[in-house]
Amino acid sequence: MIAETVCSAVAAAGLGIAAVTAYRKRFLAATRIAAYSLVPLGLVMTGVVDWLADTAFSPTAWAGFGVLGLAWVLFSTTRAVERRRGGTRKDRKAARDAQQEAVAPAASAPSLGPAVRTPAARPAGKPRATEPTKDDFSDIEAILKKHGI
């Protein structure tokens, strides 16, 4: 009963403020204020305020909200874990099968035999600094001529 009275008083005060605003020739703002002030009155008239008051003081309703919250947390957790693992169980099984088919059965065995190092394959200790030759610049000149520079 008090909620309906408060909402009606808020609506009346809002309409009064809207009238004063309209008197000052600010019609757009007055219309917006009137719209906002009619919302609580509409909620009272539709019965939403009664339903909210009954829900706010009902332990069963709060327990229901708690159960809904728990369900949401569980659902979110399972979605996060599923995303982290990479999809559903069916997706993971298909990926595992595709990975096993992609590898040849004897792929782990060396195909070329033991590696033999030749002296030419050894890296040199320190690279030698060489002077640029005319051949080095000929490539650059060809590129520049190609682009018209």
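Contact here means heavy atoms within 4.5 Å. On that basis, among contacts between residues at least 6 apart in sequence, 33% join residues at least 24 apart. The model is predicted.

The protein contains 6 helices and 0 strands. From the N terminus on, its elements follow the order α-α-α-α-α-α. Of the 149 residues, 10% count as buried.

The pairing of the helices α1 and α2 was examined in detail. Two packed helices are described by the angle between their axes and the distance between the axes. Helix α1 spans residues 2-23, and helix α2 spans residues 27-46. Their axes come within 8 Å and cross at roughly 170°. Angles over 145 degrees count as roughly antiparallel, so α1 is roughly antiparallel to α2. From α1, the contact draws on Glu-4, Cys-7, Ser-8, Val-10, Ala-11, Gly-14, Leu-15, Ile-17, Ala-18, Thr-21 and Ala-22. From α2, the contributors are Phe-27, Ala-29, Ala-30, Ile-33, Ala-34, Ser-37, Leu-38, Pro-40, Leu-41 and Val-44. By class, this contact of α1 with α2 comprises 16 nonpolar, 4 polar and 1 charged residues.

Two residues of this contact illustrate the pairing. Thr-21 belongs to helix α1. Its relative accessibility is 11%. The cut-off for burial is under 20%, so Thr-21 counts as buried. Neighbours within four places in sequence aside, Thr-21 is in contact with Arg-26, Ala-29, Ala-30 and Ile-33. Of these partners, Ala-29, Ala-30 and Ile-33 are among the α2 residues that make the helix contact.

Val-44 sits in helix α2. Val-44 is also buried, with a relative accessible area of 18%. Residues up to four places away in sequence are again set aside. Val-44 then touches Glu-4, Cys-7 and Val-49. Glu-4 and Cys-7 are among the α1 residues of the helix contact. Val-44 and Glu-4 are 40 residues apart in sequence. In space, their C-alpha atoms are 5.9 Å apart.

The connection from α1 to α2 was considered next. Lys-25 lies in the loop between these two helices. Most residues other than glycine have a negative phi. Phi of Lys-25, by contrast, is near 65°, a positive value in a residue other than glycine. Lys-25 has a relative accessibility of 65%. Exposed means over 50%, so Lys-25 counts as exposed.

A salt bridge requires a side-chain nitrogen of Lys or Arg within 4 Å of a carboxyl oxygen of Asp or Glu. By this rule the count comes to 1 salt bridge. Glu-82 pairs with Arg-79, and their closest N and O atoms are 3.2 Å apart. Both residues lie in helix α4, which covers residues 59-85. Glu-82 and Arg-79 are 3 residues apart, so they are separated by about one helical turn. Partly exposed residues fall between the buried and exposed cut-offs. Glu-82 is partly exposed, at a relative accessible area of 29%. Arg-79 is likewise partly exposed, at 38% relative accessibility.

Notes:
Residues are numbered from 1 along each chain as its sequence is written. This is a predicted model: local features need pLDDT of at least 70, side-chain atom pairs count only at pLDDT 80 or more; totals for chains, interfaces and linings use all residues. Side-chain values use heavy atoms; hydrogens and water are left out. Axes are lines fitted to C-alpha atoms, for helices over the stretch in contact, and angles run from 0 to 180 degrees between N-to-C directions. Helices (H or I, at least four residues) and strands (E, at least two) are DSSP runs, numbered from the N terminus. Angles under 35 degrees count as roughly parallel, over 145 as roughly antiparallel, 65 to 115 as roughly perpendicular and the rest as oblique. Ala, Val, Leu, Ile, Met, Phe, Trp, Tyr, Cys and Pro count as nonpolar, Asp, Glu, Lys and Arg as charged, and the others, Gly among them, as polar. Buried means under 20% relative accessible area, exposed over 50%, partly exposed in between (1.4 Å probe, protein chains only).
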